[in-house]
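Let's take a walk through a protein model together. Have the 3D view open and click along as you read.

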Amino acid sequence: MSQEHRQKSGFDTRAIHAGYEPDPTTGAVIPPIYATSTYKQDGVGGLRGGYEYSRSANPTRTALEGALAALEEGEKGFAFASGLAAEDTILRALTSPGDHVVVPDDAYGGTFRLFERVQKRWGLDNTPAAVSDLDAVRAAVRPGTRMVWVETPTNPLLNIADIEALASIAHEAGALLVVDNTFASPYLQQPLSLGADVVVHSTTKYVGGHSDVVGGAVVVRDLDLAEAITFHQNAMGSVPGPFDCFLTHRGIKTLGVRMDRHCDNAEKVVEFLTGHPKVAQVIFPGLPEHPGHAVAARQMKRFGGMVSFRHADGEQAAVDTCARAEVFTLGESLGGVESLIEHPGRMTHMSVAGTELEVPADLVRLSVGIETAEDLIADLDRALS
Ligand SMILES: Cc1ncc(COP(=O)(O)O)c(C=O)c1O
């Protein structure tokens, strides 16, 4: 498939073909796992295809990075050993000590911990602001703000950030807009096309999709940003190995069909939870009463597979519901084919307990998988009763 053909093709065609041409020697249709740390040179400096050492580049990673760029409609994609490694590399590549970043006031706990307990010690200050409140973000911007960093939908409260409007606010302030697109996945939302400068993913989630690999990604359009990230990816070295790249790339091929089933099932689960006597509130951007519904409907293809709800009987009842579920596996993470249930306050978001990012104690988060929807609903019914 030619480069030109690929650029014009649809999402699922790009997911399956972008980044790799069948191997010229064998015709292998899937990128081989190049388990090699180094490469024979044809004379000193005579690199074959630019490969020199596998921290700098590895063909299995190159294929994945090409696919990531194509899915986000970016110019350059980068793969990392984890989502947090990707985030750390962005911050070191694109900010300096003394700079300031506006961060979500309900970010993934590990992201906030990176800003608050790691980056701050090295001189990068942050101000949390509600990503759904444009005035709050505008008010948090100050001289020296280098970045506005958002997730949308956020983890775990599923707030929605208006990417186009935030890009304007960031750019007026001379700052970059970074969007963590983990919850939506590139199938549902493409932030670069809406004006964002940098997209970051925990590919551990929907992009990989099978809960069998930890990884991260960064995609950009601007070639200066790409150059800075390229330098830091190699200089910092938090790169994934070839087997991890292979698994992530294999997951990408089915992203579109998986996401449609995640969305179908999430909508059915939301319908079941809405009005359930043990559920005080269902949080899902697809619901018309969700404050971010209109923005989500504009910038997302569908509303995703993540659903949160507040238990009517408080914290202990929320914890007990998580423990009683059987088809929904009690566990951290999200975005895999299997459904997961968790209590953010005591699990994924324990690192923000006692801070302004603390989440409600009666909150339960569901990552709705692609099993038979009736089984998921029967399981929740049992767990709630
Ligand atoms: C929205 C979001 N961003 C980033 C991360 C961090 O990614 P990783 O766990 O792959 O380091 C996570 C992890 O849960 C996440 O949910």
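A polar contact is a pair of N or O atoms within 3.5 Å; within protein, one must be able to donate a hydrogen and the other to accept it, and residues adjacent in sequence count only if both atoms are side-chain atoms. Before we use that, some ground rules. What you see is a predicted model, where local features need pLDDT of at least 70 and side-chain atom pairs count only at pLDDT 80 or more, while totals for chains, interfaces and linings use all residues. Residues are numbered from 1 along each chain as its sequence is written, and side-chain values use heavy atoms, with hydrogens and water left out.

Now for D362. The side chains of D362 and R310 make a polar contact of 2.8 Å. You'll find D362 in the loop between strand 11 and strand 12; helices (H or I, at least four residues) and strands (E, at least two) are DSSP runs, numbered from the N terminus. Is D362 buried or exposed? D362 has a relative accessible area of 15%, so it is buried. For reference, buried means under 20% relative accessible area, exposed over 50%, and partly exposed in between (1.4 Å probe, protein chains only). Besides R310, D362 touches F309, H311, G314, E315 and A318, not counting residues up to four places away in sequence. Touching, or contact, means heavy atoms within 4.5 Å.

E338 also sits in a loop, between strand 10 (329-330) and strand 11 (340-342). E338 is partly exposed, with 24% relative accessible area. The side chain of E338 has a polar contact of 2.5 Å with that of S211. Apart from neighbours within four places in sequence, the contacts of E338 are H210, S211, S367, G369 and E371.

Next, look at the greasy parts. A nonpolar core is a set of buried Ala, Val, Leu, Ile, Met, Phe, Trp, Tyr and Cys residues joined through side-chain atoms within 4.5 Å. The largest one has 57 residues, and L68, I252, L273, V307 and L366 have the most contacts inside it. Which helix gives this core its largest share? That's helix 11 (residues 255-273), with 8 residues. There is also a second, separate core of 28 residues, with F80, I90, A93 and L94 among them.

Leaving out neighbours within four places in sequence, L273 is in contact with V279, V282, V307, F309, L366, L380 and L384.

In helix 10, the buried residues are C245, F246, L247, T248, H249, G251 and I252. They pack against helix 2, helix 3 (59-71) and helix 11. In helix 13 (residues 315-324), A317, A318, V319, T321 and C322 are buried. Their cover includes strand 9 (306-311), strand 10, strand 11, strand 12 (363-367) and helix 14 (373-384).

T111, in helix 5 (residues 109-118), is buried at 1% relative accessibility. T111 touches L84, E87, W149 and E151, again not counting residues up to four places away in sequence.

**Rings that pair up**

The whole structure has 5 aromatic pairs. Rings of Phe, Tyr and Trp (its six-membered ring) pair if their centres lie within 6.5 Å; planes under 30 degrees apart count as stacked, over 60 as edge-to-face and the rest as tilted. Here are two of the pairs.

| Pair | Distance between centres | Angle between planes | Type |
|---|---|---|---|
| F11 and Y187 | 5.2 Å | 65° | edge-to-face |
| F243 and F246 | 6.2 Å | 15° | stacked |

F11 lies in helix 2 (residues 11-17) and Y187 in helix 8 (residues 185-188), so this pair ties together parts 176 residues apart in sequence. F11 is buried at 12% relative accessibility, and Y187 is buried at 8%. F243 and F246 both belong to helix 10 (residues 242-252) and are 3 residues apart, about one turn of the helix. F243 is partly exposed at 47%, whereas F246 is buried at 19%.

**Around the ligand**

Finally, find the ligand. Of the 14 residues around it, G83, D180, S202, T204 and K205 come nearest; a residue is near if one of its heavy atoms lies within 4 Å. Polar side-chain atoms lie by ligand oxygen atoms at 3.0 Å for N155, 2.7 Å for T204 and 2.6 Å for K205. The protein covers 90% of the 390 Å² of accessible area that the ligand has on its own. Accessible areas come from the Shrake-Rupley method with a 1.4 Å probe; for residues, only the protein chains shown count as cover.
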